[in-house]
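Subject: Structure for your review

Dear colleague,

Please find the structure below, together with its sequence. My notes on what was found in it follow directly after.

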Amino acid sequence: MQEQGTEEEQAALVLGANGWQTFFRVTLPNIKWGLLYGVILCNARAMGEFGAVSVVSGHIRGQTNTLPLYVEILYNEYSFAAAFAVASLLALLALVTLVAKSVVEWKSQQQLLADERASVKESV
Amino acid sequence: MSIEVQSVRKTFGDFTALRDVSFQVPKGELVALLGPSGSGKTTLLRIIAGLEAADHGSVLFHGEDATDRSVRDRQVGFVFQHYALFRHMSVFENIAFGLRVRPRKLRPSEQEIHTRVHALLKLVQLDWLADRYPPQLSGGQRQRVALARALAVQPQVLLLDEPFGALDAKVRKELRRWLRRLHDEMHITSVFVTHDQEEALEVADRVVIMNEGGVEQIGTPGEVYDHPATPFVYHFLGNVNLFHGRIHEGRARIGEIEIEAPEHADARDIPAVGYVRPHDIEVTRHRNGTAAIEATVSYIHLIGPLVHIELTGCDSGNLIEVALSKDRYQEMKFQEGERVFITPRNLRVFAQGSQAGAGEGLAKA
């Protein structure tokens, strides 16, 4: 965002847009791919959370539990079939996230390239 | 709508960007703020637009104080140096933006927006580009889209920050003529910032020359070029020759030449500098009874419509530049190394060291 500067926002203000309009029509569209990328990475990190939840929130079943912790509980209860099912689900989610991440990464890369090309054109 | 700037001051930390700048722009005029980089011209433009707040002083639109009005309520059109087009919107949407963000009551219908945007695109001669995106346009095209976007909200005042700064020389020349024509059609009060003196003198009705945060001179292009008020303006607008001398009781003495300098009547033998434009110097082979400065021709440059001759002053050893018409040169046929006599036709004397001590005197030739 810092790299993009504030000129577009200023242009929107001069044209009579208020703060919300400037944010939703100008700022957000410009940062959307970067933002989405952040959300996906954050989500992936949250899905795999184990230690912190186990220690801090007490891993109460059905309330404050994560998938990896659930796998542990099931395993300790000797319900292997359920444990492996949840583990597979987790692995599947990881694959979905990976695909989503690659798509978004490709998209934001494209936008960066377009911006770069634009700025090169400008400076020539 | 007329613009009035009253003793505006602005500092950034220790740096004084503007010091008590005042000037007026009458309704419908095209005014250039001209100055070297760092002279505060862009800051001044941003203060007029409301993008920057002045530390002191006020900005009046149409005689009304607009200092505390927000950017949105000032009804100005602003064209940014690097255009600041919305890169995720098509050209059409860029221009329509100002209309679409209006409160629902004031917003024109979709149909009306469509006709207005297309009228503007026609005006800037780009109606075939409506669906393109900014990164796909050339610099000159982007510039015109930025202008159309600024005009879409029907501003009372148009402000342009170095409008042609990022373009190559040819496109620049075309665009500035086009801007001049556009201004003559629309008569919208406009202020543009530039560091290119040629651009300012060619396009503007009036020029405000700025240096180090202050105004040096305000006048029509003819006035500022022919009658510079300060040494700075002399240096900034075109080439100039310097002759060192002294002033004493209203008379300046430069070499053999003596001229009246009535505004320095109370000066007691102080050092002074005479300023002469290269085309205001007469070169002769013989001393024809008048006081003249002796010099040697050191170099003759024949390219272009004028012949430029470099001379070396015999007393001072200073370099003197003279511009002659081709006809005059053909008539005289000066040779390199030749001894000649020069007399300035239009010499202006400033006391040395004083920027403000302006005075004028014509050489008695």
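The model is a predicted one. I begin with a sheet in chain B: five strands form an open sheet in the order β15-β19-β16-β17-β18, with antiparallel pairing. The edges are taken by β15 (281-284) and β18 (319-325) of chain B; each has a single partner strand, so one side of each is left without a neighbour in the sheet. On average, and with direction ignored, neighbouring strands of this sheet are turned by 45° against each other.

Within this sheet, strand β17 (residues 306-313) of chain B runs antiparallel to β18(B), and the two are joined by seven bridges. One contact to look for in the viewer is that of B:L311, whose bridge partner in β18(B) is B:I320.

The loop between β17 and β18 of chain B contains B:G317. With a relative accessible area of 48%, B:G317 is partly exposed, because the exposed class starts only over 50%. The C-alpha atoms of B:G317 and B:T296 are 9.5 Å apart in space, while the two residues are separated by 21 residues in sequence.

Which residues cover the two faces of β3(B)? On one side stand B:L30, B:A32 and B:L34, and on the other B:V31 and B:L33; all of them are buried. Accordingly, strand β3 (residues 30-34) of chain B is mostly covered, with five of its five residues buried.

β3(B) has parallel pairings with two strands that may be inspected in turn:

- Strand β8 (residues 189-194) of chain B pairs with β3(B) in the parallel sense over five bridges. Here B:L30 stands opposite B:S190 in β8(B).
- Strand β9 (residues 206-211) of chain B also pairs with β3(B) in the parallel sense, over four bridges. In this pairing, the bridge partner of B:L34 is B:I209 in β9(B).

Finally, a word on the cysteines. How many disulfides does a search of the whole structure find? Over all chains, the search finds zero disulfides. Two cysteines may be noted individually. A:C42 has 54% relative accessibility and therefore counts as exposed. B:C314, by contrast, has a relative accessible area of 28% and is partly exposed.

With kind regards

Terms used. Residues are numbered from 1 along each chain as its sequence is written. Chains are lettered from A and ligands numbered from 1 in the order in which they are written. This is a predicted model: local features need pLDDT of at least 70, side-chain atom pairs count only at pLDDT 80 or more; totals for chains, interfaces and linings use all residues. Side-chain values use heavy atoms; hydrogens and water are left out. A disulfide is a pair of cysteine sulfur atoms within 2.5 Å. Buried means under 20% relative accessible area, exposed over 50%, partly exposed in between (1.4 Å probe, protein chains only). Two strands pair if DSSP finds at least two bridges between them. Axes are lines fitted to C-alpha atoms, for helices over the stretch in contact, and angles run from 0 to 180 degrees between N-to-C directions.
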